[in-house]
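Hi everyone, thanks for coming along. I'd like to walk you through a few local features of one structure, so let me put it up on the screen.

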Amino acid sequence: MTIRVDHLFKSYGANLVLDDVSLDFRAGAITGLLGPNGAGKTTLVSILMGIVARDRGRILIDGLDLDRDRDRIQARASIVPQSFAFYPTLTARENLEYFGALYGFKGRRLKARMDAAIDAGSLQSFLGKRAAELSGGMKRRLNLAIGLLNEPAILYLDEPTVGVDAQSRSYLLERIDRINRERGTTILYASHYMEEIEQISHDIAIIDGGRIILHDRKEDILARRGAVTLTLDRLPGALKEALGRVAGLRVEAETLVLDRHEDLNRTLAGLFDLLARHGAEVRALNWGNGHLEALFLELTKRTLRDE
Amino acid sequence: MNRIYHLLKKEFLVISRDVHAVAVLFVMPMAFILIMSLAMQDLFSTQSPVRIPLLVSDRDGGKPAAALLKALRENASFEVKDIPATLSDGEAAAALNDADAKFVVLIEDHFSAAIRDRKPRKGRKPLVVLVNPVVGTQMQLIVQSVLANALGKVRIEAMTKEMSPLLALARIDPRAFRQPSEANIEMRFVTRGEQRFRAPNAVQQSVPAWLVFSMFFIVIPISNTFISERGQGTLQRLRSIRLSRGILLLGKMLPYFFINLIQVVLMLLVGMYLVPALGGSALTLGNSPAGLALIAAAVSFSSIALALLIAVVARTTEQATTLGGLLNIVFAAAGGVMIPKFVMPTVMQKVAELSPMSWGLEGFLDILLRNGGVRDVLPECLALAAFGAVMLLMTAVILKKQFEGSASP
């Protein structure tokens, strides 16, 4: 399902949270919505889900207008909030049954949906445990599983891995990727973790101060940021001066970033020759895409941890 | 219906696993009913009333003084203790403080003579009462009245003896004079439709009062679960499931309505069986189950609606608990739950009429105490329903505003 957002505005009092946001989310893709805390990610996701009103703008989902067809759209979408949106004193199974029933399922259909969600979240071993007694990772999996009960065509994930360990994070990302691959679910993945966005997304939208400052396919975005990155053990002054004459090369401290261009092989050969002549050793080499973090820094003039 | 069933089931599971909620909704009112019914038993009882300690010094020693003492000892309201006749006024006053008594009655040495006097005597009175300053005016008046009554009897007895030849001449039976005044008085407790000779007991007063109080205490669990849902994002999820505000509110109201009804049944059972098992009087239910159900439903509706309003207004569970608890205590104190309305001054009785707890309490008293029916509780039910409707309307309006734009960015 495609999602089209046109000139979206939202403010809370005097605080403008979304400022003329326009973008299209591709059907069947995972779009990573990257931005620092307070950038407007949660608000955008909540507006798209139809649970927070916007001030201005239009939202079309698969051609349906969110204002006119909210029920139809919501029936095919689901949101996994950042918080643990379930009842801590109920067991995992009771939570699934409750939310499944509220979706309108009953009897065998409810059981089938619950089984599918249990399978997707690998919840089998702790179904009888009260949610409050689950570990952070298990709670995240339960949170995700509840969001899958209605087998959504669109899934909004708002910081779905906050507060979990590396193992659980990896597990969740793998599950989300599988949901997208197996079901063709359109996923909007809001996070401030660049590595996750870089790992899981097909498309990336960067939001900052309520504005979308970049939105494109991941490959195209990362390709913008150099093809080869070399990190040197040291950078003597004479070498730095010589490097300044190499076309398409930027020097950032001890790191050299060589932009993608037609004569890349010849440039690289000359570059290694130059390094050898100045006695500089290459400590690390990254061949391929640039890093999202560097791009984010370039676009926003700050890191995600600045705020 | 399936959704409603699961909303109910979830709420019951959540409540049953919340020890604090169970304590507030069921244990606290049960304890209140038991304690208050047993503690106030004597206050309402005609069989074993609270006895006022009375120290008596018989400085006279004559037959009339002995007759007065006998009359006082026979009065069930007093616990009479003798103190030596040789004590001075100062020593008698000291005895009053030492013995923690409330009154010392000094039967002066000229008491018998004064009784027989045919003219009013000047100077020191034949009966002097020393009063502990902690005693309230009402109790003073009761003691004064009882003493005056006893004194009257002694005087009549003395006069009847002296006048017996004259009475015989006039063919008047002296027993007519000696008959105690209270023998000519009959106390009837008026209920709707009938007059009963049985006095209302403490449990009949306590159960409705603490039942209404506990029903209004539903504000604590309702607001806590609602605010938790909002904080945890569950509310957000419920809204994304296309649960309307109506269903959402109904989903909160229905389970707690049933919980309120369980409270009613449980508290009535406590009054009927547990209080008498512990030595108190048994609660009787009146003659109108329909009236009882109606007033219970009306109290439940208004208390749940108030709880929902507090839940949407408060930002944190602490705020809701403080606000809800405070409102409940004010409503209870003003509404006659903690202090019966009949002991309040007129102004406070007018203030009490503003409390929804007072409307609920009056409704329950109409059924349980005054033997009323559906028609008798209709005014209270309508007032409670109107109060609940206003609360609910305000809740819906605030909730709508919150739904439309209060999610944090």
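Before I point at anything, one term: I call a residue buried under 20% relative accessible area, exposed over 50%, and partly exposed in between. Please also keep in mind that this is a predicted model.

B:N371 sits in the loop between α17 (356-368) and α18 (374-405) of chain B. Here the relative accessible area is 10%, so B:N371 is buried.

Now please turn to the sheet in chain B. In what order do its strands run? This is an open sheet of 4 strands, ordered β2-β1-β3-β4, and the pairing is mixed. β2 (78-82) and β4 (127-131) of chain B are at the edges with a single partner strand each, so each has one side without a neighbour in the sheet. On average, neighbouring strands are turned by 25° against each other, if we ignore direction.

As a reminder, strands of a sheet pair through backbone hydrogen bonds, either parallel or antiparallel. β3 (residues 103-107) of chain B and β4(B) run antiparallel and are joined by 5 bridges. Within that pair, B:V105 is found opposite B:V129 of β4(B). Packing on the sheet is helix α4 (residues 63-74) of chain B, which touches β1 (52-58), β2, β3 and β4 of chain B. The direction of α4 makes about 140° with that of β2(B).

Next, two helices of chain B. The axes of α11 (residues 219-232) and α14 (residues 289-313) come within 8 Å and cross at roughly 35°. The crossing of α11(B) and α14(B) is right-handed. On the α11(B) side, the contact residues include B:I222, B:F226 and B:R230; on the α14(B) side, B:I304, B:L308 and B:V312 are among them.

On to the aromatics: over all chains, the count is 11 aromatic pairs. One of them is B:F213 with B:F217, an edge-to-face pair with 5.0 Å centre to centre and 65° between the planes. B:F213 is buried at 3% relative accessibility, and B:F217 is buried too, at 10%. These two phenylalanines belong to one aromatic cluster, together with B:F32 and B:W210.

Another pair is B:F257 and B:F258, whose ring centres are 6.2 Å apart with the planes at 70°, so this pair is edge-to-face as well. Both are partly exposed: B:F257 has 24% relative accessibility, and B:F258 has 37%.

Last stop, arginines over rings. A:R169 lies over the face of A:Y193, 4.2 Å from the ring centre. And which ring does B:R237 lie over? That one is A:F99, in the other chain of the pair, with 5.8 Å to the ring centre.

That's my tour; I'm happy to go back to any of these spots with you.

Notes
Residues numbered from 1 in each chain as written. Chains lettered and ligands numbered in written order. Predicted model: local features only at pLDDT ≥ 70, side-chain atom pairs only at ≥ 80, totals over all residues. Heavy atoms only, no water. Pairing = 2+ DSSP bridges. Axes fitted to C-alpha atoms, helices over the stretch in contact; angles between N-to-C directions. Contact = heavy atoms within 4.5 Å. Phe/Tyr/Trp six-rings, centres within 6.5 Å; stacked < 30°, edge-to-face > 60°. Buried < 20%, exposed > 50% of the residue type's maximum accessible area, 1.4 Å probe, protein only. Lys NZ or Arg CZ within 6 Å of the ring centre and 35° of its normal. Left-handed = near helix turned anticlockwise from the far one by under 90°.
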